[in-house]
Amino acid sequence: MSQCLLFLSNQSFVSRFEEGRREPALHCMSMNADLHAEQFDFAIMRRRLKSWYKKKGRELPWRNLDDPYRVWISEIMLQQTTVTAVIPYYERFFNRFPDVRSLANSNQQDVLALWEGLGYYSRARNLHKAAQVIVAEHGGILPRSADALQTLPGIGRYTAGAIASFAMGQSAPIVEANTLRLYARLLGMTDDPRTTAGQKQLWNFAEAILPKKNAGDTNQALMDLGSLVCTPREPDCPNCPLLRFCRAAELGKQAEIPRPKQKTKITELQDICVAILDGKKVLLRQRQLNERWAGLWDFPRWTSEKALPKLSVSLLPRASLEQSIITEIRERTGYEIDHGPLSEVIKHSVTRYRIELFCFTAKKVSGRKKSGEPLEWVPLKDLDDRPLSVTGRKFAKTLQAGGLF
Ligand code: SF4
């Protein structure tokens, strides 16, 4: 059987090659006919990486940590989120929850309040749940193996590898956005790296390049190299320590590898939300598990079935719109309202939706809270402590600035 076929078999690439030699030479990387023989000397690659990382690696607050709890939190925060956005949240989170037990003993609402604005709120809910599992089933200590870590809510293969290698030095591989691009280019992978077969090759490569000990530094060096040098556009190949091993550079295909994700079709939506006041209280609704931003609070909000004129208050067909809002609020909350003016229009995007949110104010006139609805009259002075959706907070700030709240 050729080495190419060995690589594609179910058994670990590393263990197969280690039967014969300690530092494997990798000759063939894919079923894709475009890929040809390539030679990787992992020992040399690691040496080059190490020396580059020493000089050029990023200084980040969560670097060089041997505390698995801190690594875990920082890695979850960094999912789908930029380093710049994470930094202010990072210290605040540890001031409030310095260890697993403090997080497990907290209220989910407190965790969501600290997470407000960071997005992807299932991350915060899972952190809270996982902390409770760690306390209940692991004596308050994060499991030491990448496999056991993956049994916790919200921890996938990448995060488990990051915790096990960064904090415990274990030889656990990682593939995330930066290393996916880097590995795909090194391998010259012209196939889609997101398919099952593509993922398998990348994870095998990620495993093969790691040393047996202190793998955390190698993983961080690889991530930094992907982020700083092997950038999505115009990678700095002349200054790349792995240039001589890179198949994409050899072929001049850096711009085509990795193959871009298929573009998702964007759907335009128009939503309406209403801040209803009753004296010094405002009506909020907690978003439910089957909704976006589950667990956070928001003003009563829905998607308009009729198209509203783009960003033009004066063009709104006032009478019919007002009546439809009064009816919606009655059905959704049980309250009769005195309809107020349009306050602002907020544009925002969520996954594949581009949304224009028309924000109105109103006053409660009469009625009783609809039973079973997660609604609450919240004193205006307590609004800052409630975890609100990003647009809910933006609207609240506009109303506070205008003196209404
Ligand atoms: S040589 Fe260029 S394309 Fe290849 S890994 Fe380095 S930066 Fe990326």
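In the hairpin formed by β1 and β2, two residues lie between the strands, and Gly-279 there adopts a positive phi near 60°. Helices (H or I, at least four residues) and strands (E, at least two) are DSSP runs numbered from the N terminus. This is a predicted model, in which local features need pLDDT of at least 70 and side-chain atom pairs count only at pLDDT 80 or more, while totals for chains, interfaces and linings use all residues. Residues are numbered from 1 along each chain as its sequence is written. The protein has 16 helices and seven strands.

**Strand pairing**

- Strands β1 (residues 267–278) and β2 (residues 281–286) run antiparallel and are joined by two bridges; two strands count as paired if DSSP finds at least two bridges between them.
- Within this pairing, Leu-277 stands opposite Val-282 of β2.
- Strand β2 is also joined to β7 (residues 375–379), again antiparallel, through five bridges, and Leu-284 has Glu-376 of β7 as its bridge partner.
- A further antiparallel pairing links β2 to β3 (residues 297–298) by two bridges, with Gln-286 opposite Trp-297 of β3.

**Burial and the nonpolar core**

- Of the 405 residues of the protein, 36% count as buried; a residue is buried if 20 or more other C-beta atoms lie within 10 Å of its own, exposed if 12 or fewer, and partly exposed in between, with C-beta atoms placed from the backbone.
- The largest nonpolar core contains 95 residues, and those with the most contacts inside it are Leu-127, Leu-149, Ile-163, Tyr-183, Val-274, Ala-275 and Ile-276.
- Helix α10 (residues 157–167) contributes the largest share of this core, seven residues.
- Such a core is a set of buried Ala, Val, Leu, Ile, Met, Phe, Trp, Tyr and Cys residues joined through C-beta atoms within 7 Å.
- Leaving aside residues up to four places away in sequence, Tyr-183 touches Val-175, Leu-202, Phe-205 and Ala-206; two residues are in contact if their C-beta atoms, placed from the backbone, lie within 7 Å.
- Among contacts between residues at least 6 apart in sequence, 66% join residues at least 24 apart.

**Enclosed helices**

- Helix α11 (177–187) is largely enclosed by the rest of the structure, because 10 of its 11 residues are buried.
- The buried residues of α11 include Arg-181, Tyr-183 and Arg-185.
- Their cover includes α12, α13 and α14.
- Gly-188, which follows α11, has a positive phi near 65°.
- Helix α13 (residues 215–228) has 14 residues and reaches 20 Å from its first C-alpha to its last, close to the 20 Å expected at 1.5 Å a residue; the expected span is 1.5 Å times one less than the number of residues.
- Helix α13 is mostly covered, with 12 of its 14 residues buried, among them Asp-217, Asn-219 and Asp-224.
- The cover over the buried residues of α13 includes α3 (42–56), α10 and α11.
- Asn-204 belongs to helix α12 (residues 196–208) and counts as buried because it has 21 C-beta neighbours inside 10 Å.
- Asn-204 and Pro-173 are 31 residues apart in sequence, yet 8.4 Å apart in space, C-alpha to C-alpha.

**Ligand surroundings**

- The ligand is surrounded by 14 residues, of which the closest are Cys-230, Pro-235, Cys-237, Cys-240 and Cys-246; a residue is near a molecule if its C-beta atom, placed from the backbone, lies within 6 Å of it.
- Helices α11 and α14 (247–251) each supply at least two residues of this shell, and α11 gives the most, with three.
- The shell divides into 12 nonpolar residues, one polar and one charged, where Ala, Val, Leu, Ile, Met, Phe, Trp, Tyr, Cys and Pro count as nonpolar, Asp, Glu, Lys and Arg as charged, and the others, Gly among them, as polar.

**Backbone exceptions**

- Most residues other than glycine have a negative phi, and most peptide bonds are trans.
- Glu-234, although not a glycine, has a positive phi of about 45°; Glu-234 lies in the loop between α13 and α14 and counts as exposed because it has 8 C-beta neighbours inside 10 Å.
- Trp-293 likewise has a positive phi, near 55°, and lies in the loop between β2 and β3; with 23 C-beta neighbours inside 10 Å, Trp-293 counts as buried.
- The peptide bond from Ile-257 to Pro-258 is cis, with omega near 0°, and Pro-258 sits in the loop between α14 and β1.
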